[in-house]
Amino acid sequence: MIDRKSLVKRHNPEIHEMMKQSPLTVGNGNFAFTADITGLQTLYDEYEIFPLCAMSTWGWHTTPGDGGKFYAQNDAQPTLYKSQGRVYKYVSERQAGNEAVYDWLRHNPHRLNLARVSLLWDGKKITSDEISRVHQKLDLYTGVLISEFTLRGERVRVQTVCAQSADILGISIETSQKAYEKITVCISFPYGSHLKCASDWTSPSKHQTSTTRLGDTLCFERTLDYDKYRVALSGYDMCRQTGDHSFEFKSTAFTLFFSQICTYDTLSANSTRRTNKSGADNFDLMPKTFDKVMDDSSLGWESFWNTVGMADFSRAKDPRAMLLERRVILSQYLTASQCSGNMPPQETGLSCNSWFGKFHLEMHIIHAGWFALWGQSRLLERSIAWYKDILDMAKKNAAANGFDGARWPKMTGPCGIDSPSSIATLLIWQQPHIIYMLSLCLHSKHRVQAEKSRRDFMIKHRDLVYETAEFMCSFARLCEKTGFYELPAPLIPVQELHKPEDTANPAFELGYWRFGLLCAVKWAEFFEADEESGLCGKEREKWQTAKAGWKNTADNMTPLPTRGGLYIAHQNCPDTFKKYSIKYNKDHPSMLYAFGYIPNDRVDIKTMENTADKVLSCWDNDSMWGWDYAFCAMTLTRLGKPEEAVDALLADESKNRYTESGNNFQYGRDDLPLYLPGNGALLFALSMMLAGYGENKGAVGFPKNGMWDNIIVEGILPLPE
């Protein structure tokens, strides 16, 4: 049995100097607070690489356009694409005369930095020159960030913690009497911004901050155009306003409770109240003291660490073993604290804005799919519920181009509107994700839950499976010459280098389309056989008819495109692996993922082996992304190449390095100071490498050479077939 507490604690991040690319974060999946070496955001101006923010799943802002205008999706001018006798409309190119609409829809809504919390000395800002003897540690097992440092010759100890049951930040400050007389805390509020920092500190007249008192609690009521939220301060000794949106107070232990009041609803073009699902609106019911927040955090994180899947690498002899163990633990912490909320995560989680704070649905399973395989299905199910909220929008998205079912957006915010983009509106590989994620959750329930619970889960989510499969079936076109179903232009594949009008039958998408439809067929077969599923009459007939269509399409998908004994990016890209001329041997080597991330009994193993060898020998590694290394490792695992799989997973490349915080930092990308799909993909790949897949059980992804023996694994499921 693994000593989980000891294992987790041996990887506590410890920092002894300011590391601008690796600040530490406390969070609960719906809310997160990123701190500098003081445990707060005292040195905010010095962390320009990695902005220090307080962010949430519910904290969004919509900026009125020129003249106070708010635009709708149909105000954007589409680009027309002609293919196989049909005309498709996608808001992809920025059209002359329509630039304002295009840009506004891309930038709005954007995620909001809710507040900055910092220390002051004599009412003035503190700089890093005044701080020395830093020792900062994040206790992963309890979620407490402990920051010790010397400020102007006085020792200071700050503890920062986030409740797990609500969006409450708890902070305690211990110091000498001399320092206490000088130190105050400042809370300040910015206007919203679509930029990486999610903050506009230069527009005080565009937003309002008012205060009300409820007993011993001071409430800051925030209004940014049509968006409103509240921050409730408890445990302060005094408080005075020092600016339009800044307040200074004294305290040795205080809490801040963040909650949404209302947000601008892009669909109905008005201000709409939405419940903050991460906690009750009534903060009187929440833990209000620092000690209670600390207890709440400790209980939550201890429960997580004692139920999540775990791998102990301490007995392995490979010198990289403890490096991998550390990456596992820190990736579990980062994704649980930033990617397990009530909406899909953005690529930078709840740390700062990437792509205006919007989430990219093709990354959802890469961030969070591992939860279902490591005993934390409930954390994935939180965000899956959001798909039901936008199902009608997804159906409209499909119907706009004459397709059936629901077409899920790529780059979007809470309302599910597909943001204008030369890539996003034409990307398709996110479509099967929801079926795969639901199937992973169901896979986890087969091990621990009763038949009724599994049935209830399938009934609850059956509309998502049905409508997704209907779109996929509708999107695939039957080629009369070959008798195969194809994925025709215009589309953008995983490897986003290709022109949509030239791209047809991309290798990965063909394999994923078939896999997703076959998963949907299994759901249909369950409803057909289970008399207690509630399907009867026309509803049962609907599923039976759909199942036949899904299976026919899946069974007759066109083979993956090849050239010269290699799988290529898509059928119109024979030069995929040529280093010179147009360079396509870069970005995501997605042709490999048709046999790795998913099973594929129609892949020719020799051709895939040759393709893997070719990728390893000629691919531009600097252009790959953090998650690519884990996905390559999965393919190499299925090919029976465990040594190469481990080497791929731990490759020392610019996009596959991890900072002290555990963040898969994307070197060379200033817009991605952290990249959580890399962390999530590592864990997804390890579920296969440590627990196996299908009938192949055990650590099939690690070589049997004596260097990786004696890995202890608990609570990790193999990938389903």
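1. The lining of the largest pocket comprises 11 nonpolar, five polar and eight charged residues. Here Ala, Val, Leu, Ile, Met, Phe, Trp, Tyr, Cys and Pro count as nonpolar, Asp, Glu, Lys and Arg as charged, and the others, Gly among them, as polar. The model is predicted: local features need pLDDT of at least 70, side-chain atom pairs count only at pLDDT 80 or more, and totals for chains, interfaces and linings use all residues. Residues are numbered from 1 along each chain as its sequence is written, and side-chain values use heavy atoms, with hydrogens and water left out.

2. The largest pocket holds about 600 Å³ of space. On a 1 Å grid over the protein atoms alone, a pocket is an open set of points with protein on both sides within 12 Å along at least five of seven lines, a cavity is a set where a 1.4 Å probe fits but cannot get out, and lining residues have an atom within 4 Å of a point. Grid points are joined across faces, edges and corners, and a volume is the space filled by probe spheres set on the points.

3. Of the 24 residues lining the largest pocket, L518, C519, K522, P720 and E721 lie nearest its centre. Two or more lining residues come from each of α10 (433-448), α11 (451-475) and α12 (507-529). Helix α12 gives the largest share, 10 residues. Helices (H or I, at least four residues) and strands (E, at least two) are DSSP runs, numbered from the N terminus.

4. There are nine cavities of 30 Å³ or more. The largest cavity has a volume of about 100 Å³. Its lining has 13 residues, with L105, N108, P109, K358 and I417 nearest the centre; six are nonpolar, five polar and two charged.

5. The second largest cavity has a volume of about 60 Å³. Among its lining residues are F50, L138, S351, S661 and L674. Both β2 (24-27) and α5 (321-338) supply at least two lining residues, and the largest share, three residues, comes from α5. This lining has seven nonpolar, four polar and no charged residues.

6. Helices α15 (residues 626-638) and α17 (residues 676-691) pack at an angle of about 10°, with their axes 7 Å apart. Axes are lines fitted to C-alpha atoms, for helices over the stretch in contact, and angles run from 0 to 180 degrees between N-to-C directions. The angle therefore makes α15 roughly parallel to α17 (under 35 degrees).

Conventions:
Parallel < 35°, antiparallel > 145°, perpendicular 65-115°, else oblique.
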